[in-house]
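Let us read one model feature by feature. Keep the sequence and the coordinates open side by side.

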Amino acid sequence: TMVIVAHLVGTRYFPSGFESLEHLGNYGVRFFFVISGFLITTLLLKELSTTGTVSLKRFYVRRSLRILPACYLYIGVISVAALAGLITLYPGDLFHSWTYTMNYHNIPLSVPHGRANGWYLNHLWSLSVEEQFYLLWPATVLMLRPRKALKFAGAVILAVPIIRALMWYSMHATAPLDVITTALGRQFEAVSDALATGCVLAGSYNWLGTRSRYQAFLRSPYFVAVLIVGGLLPTLIYLKSVFLFFVVSQSCLNVTIAMCVERCVRYPNGVIGAVLNSTPCTAVGVLSYSLYLWQEVFLNRYHQSGIFAFPVNLTCTVCCALGSYYLVERRFLALKTRFEVKVVH
């Protein structure tokens, strides 16, 4: 929802005055990474507890059936549209999309039509980060075992801000600012601390449950301060220093998101739980992957007419997402269940 709202901003007929909401896209993807690290690690730890090992084959098959069919359908449609001359892509877009290396395909926004031509496959950078995480983390947990793997994830959280600082200074003399910020916000070595934060949350979840003062704070009304500080501080720092935003604020945002995730999972009752478990929210959750894939075509502020105008663009997004889910996703999800690990409670 955050990404969709961010991409709606600037499209034709979308209400003006909401320009600041464009930054929600960064928050949305960060939530996605932290939740992914938390969920995947929880599943891996449960499998280890039940079977004593992690089946990499089963894991990769499950992830492939979940991710690849719907995504490759989308990339295929975009490829055909490009070959037919209906849209124009930036050189290298298709290669990096098919190989899940889009997060290393830095398009200079200053080149002619750089934003417009690079838009259709631009969002696949986050799925590329996710695929790279899938390749590395389960094997790390299997080889190091949980305790050492989680210590390694903690070291990643501490090391990545330093890596971002080194990237900033090493690139500053040779690359334009838009390329630098794209690299700092997308390349795996620069964003993996968000995933690692979710991993550490999963590994320490039971221990955190025993910290009475911390849990009392999570349940208290004062927790809203976390949302205010975590939401506003990165923006304020960005206005002051882009360097500090990437080096410091992203780490603060990861911790804030992890605390929000823990609170929602541990205390699902109340207003927030009622909203998140409501029918509209769960419906969006079911369609979230297809919505994320197809919104990029229609929520394109660089084209202002026809299907790119609000609310037609949002309607087209939902229709394509429904088609993708029912015709592709659901069929492969049924196959995916064959490779699930049976967890004994």
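Q: What should I know before I start?

A: This is a predicted model, so local features need pLDDT of at least 70, side-chain atom pairs count only at pLDDT 80 or more, and totals for chains, interfaces and linings use all residues. Residues are numbered from 1 along each chain as its sequence is written, and side-chain values use heavy atoms, with hydrogens and water left out.

Q: How do I read a helix, and what span does H11 reach?

A: Helices are DSSP runs of H or I, at least four residues, numbered from the N terminus. The expected span is 1.5 Å times one less than the number of residues. Helix H11 covers residues 242-266, 25 residues in total. From first C-alpha to last, H11 reaches 35 Å, close to the 36 Å expected.

Q: Where does H11 bend?

A: A bend is the angle between axes fitted to the seven residues ending at a residue and the seven starting there. H11 bends by about 40° at Ser249.

Q: Is H11 mostly covered or mostly open?

A: Buried means under 20% relative accessible area, exposed over 50%, and partly exposed in between (1.4 Å probe, protein chains only). H11 is mostly covered, with 18 of its 25 residues buried.

Q: How many disulfides does the structure have?

A: A disulfide is a covalent bond between the sulfur atoms of two cysteines. The test is a pair of cysteine sulfur atoms within 2.5 Å. Searching the whole structure gives zero.

Q: Which residues touch the most other members of the largest nonpolar core?

A: A nonpolar core is a set of buried Ala, Val, Leu, Ile, Met, Phe, Trp, Tyr and Cys residues joined through side-chain atoms within 4.5 Å. The largest has 58 residues, and Trp137 and Leu293 touch the most other members. The elements giving two or more residues to this core include H2 (24-51), H6 (124-171) and H11. H6 gives the largest share, 13 residues.

Q: What is Leu293 in contact with?

A: Contact means heavy atoms within 4.5 Å. Beyond its neighbours within four places in sequence, Leu293 contacts Ala70, Cys71, Tyr74, His123, Leu124 and Leu127. Apart from this core lies another, of 15 residues, including Phe243 and Phe245.

Q: How do I read a polar contact, and what joins Asn122 and Arg186?

A: Look for a pair of N or O atoms within 3.5 Å; within protein, one must be able to donate a hydrogen and the other to accept it, and residues adjacent in sequence count only if both atoms are side-chain atoms. The side chains of Asn122 and Arg186 make such a contact at 2.8 Å. Asn122 sits in the loop between H5 (114-117) and H6, and is buried at 16%.

Q: Is Arg164 buried or exposed?

A: Arg164 is buried, at 0% relative accessibility. This residue is in H6. A polar atom of the Arg164 side chain lies 2.4 Å from the backbone oxygen of Phe246.

Q: Which backbone oxygens lie 2.8 Å from the side chain of Thr51?

A: One belongs to Glu47, another to Thr53. Thr51 is in H2 and is partly exposed, at 43%.
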